[in-house]
Amino acid sequence: MNIDQIRDDFPILSRTVYGKPLVYLDNGATTQKPRAVVEAITEEYYSVNANVHRGVHFLSQRATELHEASRETVRRFINARSTNEIVFTRGTTESINLLAYSYGEACLKAGDEVILSTMEHHSNIVPWQLLQARKGIVLKVIPMNDRGELLLDAYRELFTERTRLVCVAHVSNVLGTVNPVKEMIRTAHSHGVPVLVDGAQSIPHMPVDVQDLDADFYVFSGHKVYGPTGVGVLYGKEDWLDRLPPYQGGGEMIQHVSFERTTFNELPFKFEAGTPDYIGTTALARALDYVTALGMDRIAAHEHDLTTYAMERLRQVPGMRIFGEAAEKGSVISFLVGDIHHFDMGTLLDRLGIAVRTGHHCAQPLMQRLGIEGTVRASFGLYNTRQEVDALVDGVVRVSRMF
């Protein structure tokens, strides 16, 4: 990949912060947007903005065509069987909440078990805890080793006749661990149990084929894959989505309404109450087209090179502690240096123009397992360079000397 040419597509990368060139290493929280994505938003607002579906006038029909073409782009990107399996949401969090509500209502009762992992993001813990409080389900947790790898033998032992669902991150947003979700799905299916995969941290970094994985549900956010904020996807196998009740009521998700009875729309519209973010879905499609043109395999190789290089250089820093040493690791590095508080390190790196994330990263149970309060997290994207890794390491060393 021509990184210089790619970086030209992202105007924000050329700006300065506190008089220093911006080094943006917070891609795990959100990615920057290429011109094509921003232009897609502007273009649709200025040329074909109208509410989608059922409108007979030209603008509405054209906006509808763009919206549904975006659904096909998503279907193709993750290799779903049908656009009926692509539900647009506001992001990963809403996708999981939708599933927790709808699956919980249809398929779970008191005493039924849901398996989570130690390294889940809060968005894949709290919705199930809310369901636990509401319906009395039981939550079980897959443990991990000190390298940040899930213990698959322990995972297999968690299954009982009451197990109804497995929820697991494809890639940890803290450790970078790439979990063996295909194997985990195969294990769950041998017990007749469906699996939800949180793909927020995998979709931007590697090819994803939901049919090959045999995932029952797969969720992700647009803003983490160089698309806009406020739009995301819930993929679900059609037979599962057919069985589940709607998450919200209102316009668009209905077929017929009377005060006596309401019937619901067909898939996927049954789960899309109200006016969708049709501008956002067009921009998401443009983002997916952008990374597809670059090649997901090439993006993965570039980011693997960056992560390997960064790990090697950071290990040379005195007092360095890196959290997450899994054999299969994505482009996320969480670390602490000596007794320096993660907030202090992040604040001072920011003054050098280096944007990293600090805190518990919405993974407090994982922090408890690690015995820490938080970390500094550097996360790489397709536009980052070895020179930026060098700037990070030099910055960490400089801050360390101050303490």
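This is a predicted model: local features need pLDDT of at least 70, side-chain atom pairs count only at pLDDT 80 or more; totals for chains, interfaces and linings use all residues.
Modeller: Two strands count as paired if DSSP finds at least two bridges between them. By it, 4 strands form an open sheet in the order S13-S14-S17-S16, with antiparallel pairing.

Biologist: Which strands stand at the edges of that sheet, and why is one side of each left without a neighbour?

Modeller: Strand S13 (320-323) and strand S16 (357-359) stand at the edges; each has a single partner strand, so one side of each has no neighbour in the sheet. From one strand to the next, the twist averages 30°.

Biologist: How many bridges join S14 and S17?

Modeller: Strand S14 (residues 332-337) and strand S17 (residues 375-379) pair in the antiparallel sense over 4 bridges.

Biologist: What does helix H12 lie across?

Modeller: Helix H12 (residues 342-351) lies across S14, S16 and S17. Angles are taken between N-to-C directions, from 0 to 180 degrees. Helix H12 runs at about 160° to S16.

Biologist: Now the sheet of 7 strands. What is its order?

Modeller: The order is S4-S10-S9-S8-S7-S5-S6; this sheet is open and its pairing is mixed. Its edge strands are S4 (86-89) and S6 (138-142), each pairing on one side only. Neighbouring strands here are turned against each other by 20° on average, direction ignored.

Biologist: In which sense do S9 and S10 pair, parallel or antiparallel?

Modeller: Antiparallel: strand S9 (residues 217-221) and strand S10 (residues 232-236) share 5 bridges. Within this pair, Val-219 stands opposite Leu-234 in S10.

Biologist: Which strands does helix H5 touch?

Modeller: Helix H5 (residues 126-135) packs on the sheet and touches strand S5 (113-117), S6, strand S7 (163-169) and strand S8 (195-198). The direction of helix H5 makes about 150° with that of S6.

Biologist: And the whole chain: how many helices and strands does it have?

Modeller: The protein chain has 14 helices and 17 strands. Its C-alpha atoms fill a box of roughly 70 × 55 × 35 Å along the principal axes. For overall size, compare the radius of gyration with a rule: a compact globule of 403 residues would have a value near 22 Å, and the protein chain has 22 Å, which agrees.

Biologist: How many cavities of 30 Å³ or more does a search of the whole structure find?

Modeller: A cavity is a set of points where a 1.4 Å probe fits but cannot get out. The search finds 1 cavity of 30 Å³ or more. The largest cavity holds about 40 Å³ of space.

Biologist: Which residues line the largest cavity?

Modeller: The lining consists of Val-171, Gln-201, His-205, Met-206, Gly-330, Ser-331 and Val-332. By class, the lining has 3 nonpolar, 4 polar and no charged residues.

Definitions and conventions: Residues are numbered from 1 along each chain as its sequence is written. Side-chain values use heavy atoms; hydrogens and water are left out. On a 1 Å grid over the protein atoms alone, a cavity is a set of points where a 1.4 Å probe fits but cannot get out, and a pocket is an open set with protein on both sides within 12 Å along at least five of seven lines; lining residues have an atom within 4 Å of a point. Grid points are joined across faces, edges and corners, and a volume is the space filled by probe spheres set on the points. Ala, Val, Leu, Ile, Met, Phe, Trp, Tyr, Cys and Pro count as nonpolar, Asp, Glu, Lys and Arg as charged, and the others, Gly among them, as polar. Helices (H or I, at least four residues) and strands (E, at least two) are DSSP runs, numbered from the N terminus. Contact means heavy atoms within 4.5 Å. The radius of gyration is taken over C-alpha atoms; the globule rule is 2.2 Å times the number of residues to the power 0.38.
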